[in-house]
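Here's a quick tour for anyone meeting this structure for the first time. Have a look at it, then read on for its charged pairs and one of its helices.

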Amino acid sequence: MRVAVAATLLTGALPVAQALAFDGQPAGDARSALDAFRAYGRALRDGRTDDAVSALQYAASGGHAASAWRLGRMYMEGDGVARSDLKAFETFRQITITRRDEGPNSPDARFISSAFVAMGNYLVEGIPNTYVRPDPSKAVELYFYAASTFGDADGQFRLGRMMLEGKGTQRDPRQAARWLQLAAQKSHHQAQAVLGHMLFTGRDVPRAAPRGLMFLTLAKESANENETWIADMYEEAMRQASDDERGVALRMVEAWIKTVRR
């Protein structure tokens, strides 16, 4: 799978953009890219947004992975720049191309793996009115690469969801639960919610109500206010759970918290 994904990036299975996503010129060496990244931080603290963006673009063009990842997020969120999903996609893609040979021991591993996941997210639905067409099967490959090569929790969660739904791949609840479990163990709250619901209801897996309720409780505590689906799952499970199941789940939550704090 790793070879297949790398080949996809190299052979250009996706159309090549007319220009690089980075607007600055290559910095020439790693030190100048790092200096530009530091200049970005100073400009940001001083409230000089335009200078900050320019410095970040320059650092990204010089191969600084953290800068490129941050720039991609800015385009994705419209933070300090005009929002552009296409520029975000191209920025993340550039990271996966230039840093594809690096593994989990790379100091930039978290930025590289996150770029693979971000590309996959865009390929699930595509980007309207651009060359980026929906390609769920390619998204699954990218999630798998991030999940397996880097142990990326978000990649593991998204791969699990795709397998659970049979989107871009054959439906495989058993493998889905495996990937969700790996992400849940890393405190990925969305994975905890989906896995918890599966375990509590016995949907596609043997029922383990206390453990499922434990994961749903942990997920609810970490969810943001917009993730109402997690609160809904938790509340429904709490209504259906017996007193014994709630009691065991509470003890499991307490044990989990103690383990995490060590």
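A salt bridge here means a side-chain nitrogen of Lys or Arg sitting within 4 Å of a carboxyl oxygen of Asp or Glu. By that rule, the count is 17. Keep in mind that this is a predicted model, where local features need pLDDT of at least 70, side-chain atom pairs count only at pLDDT 80 or more, and totals for chains, interfaces and linings use all residues. Residues are numbered from 1 along each chain as its sequence is written, and side-chain values use heavy atoms, leaving out hydrogens and water.

**Salt bridges**
- Lys138 pairs up with Glu141, at 3.1 Å from N to O.
- Lys138 and Glu141 are both buried, meaning under 20% relative accessible area, while exposed is over 50% and partly exposed is in between (1.4 Å probe, protein chains only).
- Arg207 and Glu245 also form a salt bridge, at 3.4 Å from N to O. Arg207 is in the loop between helix H10 (189–201) and helix H11 (209–222) and Glu245 is in helix H13 (residues 243–261), so the pair ties together parts 38 residues apart in sequence.
- Arg83 bridges to Asp85, with the closest N and O atoms 3.3 Å apart.
- Asp46, Arg48 and Asp51 link up in a network of salt bridges.

**Helix H4**
- Buried residues of H4 include Leu71, Met74 and Tyr75.
- Just after H4, Gly78 takes a positive phi of about 70 degrees.

Methods. Helices (H or I, at least four residues) and strands (E, at least two) are DSSP runs, numbered from the N terminus.
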